[in-house]
Amino acid sequence: MCGIVGYCGNKQAAPILLEGLGKLEYRGYDSAGIAVRDGADKVRIVKAKGRLAELANKTDDGKAMKGSCGIGHTRWATHGEPSENNAHPHHSDDYEVVGVHNGIIENYIEIKDKLLKKDYTFYSETDTEAVVKLIDYYYKKYRLGPVDALAKTMVRVRGSYALAVMFKDYPDEIWVARKDSPMIIGVDKNASFVASDVPAILKYTRNVYYIGNMEMACLKDKEVHFYNIDGEEIGKDLTNVEWDAEAAEKGGFEHFMMKEIHEQPVAVRDTINAYLKDDNSIDLEGVGLKDEDLKMLSEVHIAACGSAYHVGMVARYVIEKLARVPVRVELASEFRYRNPILAPDSLVIAISQSGETADTLAAIREAKKLGIKTMGIVNVVGSTIARESDHVMYTMAGPEIAVATTKAYSAQLIAMYLFAIKLAFVRGNIDGKRYDELLNELRTLPDKIERSLEDKERLQWFTAKFSNVHDVFFIGRGIDYAISLEGSLKMKEISYVHSGAYAAGELKHGTISLVEDGTLIIGVLTQSDLYEKTLSNMVEVKSRGAYLCGITSSGHYEIEDTADFTVYIPKTEEIFEASLAVVPLQLMGYYMSVARGLDVDKPRNLAKSVTVE
Ligand code: G6P
């Protein structure tokens, strides 16, 4: 979603801001803007609708804007259409206070009404303009310094925000405030940075501070000060971010998505190595989960969104099969408002790449409110879900830039497999022999994913043939159904082709009426006990004219009697098949998007990290 970058140092700010915003493009946006102060001069604000290239054109790549302190923003429209007028930064009527904002101010209409009565005027439809003007109001009315003006504003507004604000009277400073929207502060020898996401500043520094909820900070070139809501200065520890800048570059691939698809073997290997020791023990000590806790568990609830939810769907089959602990998987946006019934000795697991998804975070908070233990499966170190969960299991996927997730999904699967195997072993549901068998096989997955990638030319050819298709249906049973859900999401989100995933046995209850000559149906058949069943569902749709693609594991060559096009993935333990079958599905989505000439990494209307509900 929206991105924030701020710079305070001894170099020209605008080129750095543009570069940082470029690194956040993947989050999704529809307009952008920067504001720079050059000492006591009036602030300069330049904004543009559309891509960052527009803003770069208007400012000669930033070179036309003097000043070494500035803030920048990429906006993903929520309040008001995408337009230059609604783009950030927003400013007070006299330009003395200028700010950018991520999040949603829920009571902005009430704030606007209040300010209208105080003779303020409004030029945009945004909630941000209201909050910037509220800061200005408190700042001037009470002649308060920035810290008190911000604190008063924070008490008055409802909703979520990461705010970066500049005041005319403090020309070399950026003031920030945060609640429920991600924001980090980076420091280098001669500069301070603020950003909504790590990749924006990785080129300059890996030393970051995490600013907490309802906290503020003041950035100067050589120092940063933090404050709580009472305006008292507080201390913070500096953290070193291990991701390197190169990981956030395309590295010779045409798109980030393709690069990240190819990074899956590494992401999976790194995640395995983070928890699985040479003697095959699964070390969850760092996660804080003791064997005793696992023995006591009566049920597991998984809450997540998008692809992370699909990981949860796979995990349900795996945990229930191995550990015989009941699992309920729920979309986080539903969980949070359902007043869920949770047994006291249950565990709520939130799966989230970003660790910032608003609904998933709310699910964790809901569980905590009910006194239930929580665990986050998170990729971004120090993210809000990581900080607020009782336990955190980090996935080691590194920065993921393409909006459509691939390597983070794969790393999340590994975390869930490890959790399931450990749970099953501790509770005595599997013996030592089976435990070793599973883990030895788990270690082979990176190589098998690598082999699954070898088929990509055939998949490119097949997908291009169908580039004008209107609908694609994905079918499977059990884990294959869970995999189908992810395949369908990959297809629709980047190629804009309508697609749906169905439990194969459910087709006859409605969906089959949509099948006609040439309808493309992709069957996933990796589970031996369900293979025949799904195959017979495929025969049923074939006899109604469907064109069939079958994805199965090597050896099931008889599928060629039924399917028109087949994809074989290496054999593995059936509970791990999602890790392999997802690869051709990701490639199909990718090639469909390329064949249709679309923006693979930044699909329309979507955001990488959905920080509003
Ligand atoms: C967005 C992304 C998806 C992702 C979902 C959940 O919709 O486009 O790829 O699966 O959010 O994100 P999270 O960061 O919580 O995993």
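**Charged patches and backbone features**

Lys-152 lies in helix α5, which spans residues 146-156; helices here are DSSP runs (H or I) of at least four residues, strands are E runs of at least two, and both are numbered from the N terminus. This is a predicted model, in which local features need pLDDT of at least 70 and side-chain atom pairs count only at pLDDT 80 or more, while totals for chains, interfaces and linings use all residues. Residues are numbered from 1 along each chain as its sequence is written, and side-chain values use heavy atoms, with hydrogens and water left out.

Lys-152 counts as partly exposed because its relative accessibility is 35%; buried means under 20%, exposed over 50%, and partly exposed in between (1.4 Å probe, protein chains only). Together with Lys-117, Lys-118 and Lys-141, Lys-152 forms a patch of positive charge on the surface. Patch residues have over 30% relative accessible area and no salt bridge, like charges being joined within 9 Å and nonpolar side chains (Val, Leu, Ile, Met, Phe, Trp, Tyr) within 5 Å. A salt bridge is a side-chain nitrogen of Lys or Arg within 4 Å of a carboxyl oxygen of Asp or Glu.

A patch of negative charge on the surface gathers Glu-532, Glu-558, Glu-560 and Asp-561. Asp-561 is placed in the loop between β24 (547-553) and β25 (565-569), and it counts as exposed because its relative accessibility is 68%.

The backbone also deserves attention. His-88 and Pro-89 are joined by a cis peptide bond, with omega about -5°. Asn-339, although not a glycine, has a positive phi of about 50°; Asn-339 sits in the loop between α10 (332-335) and β18 (346-352).

Technical notes: Accessible areas come from the Shrake-Rupley method with a 1.4 Å probe; for residues, only the protein chains shown count as cover. Lys and Arg count as positive and Asp and Glu as negative; His and the chain ends are not counted. The place of a charge is taken as NZ of Lys, CZ of Arg, CG of Asp or CD of Glu.
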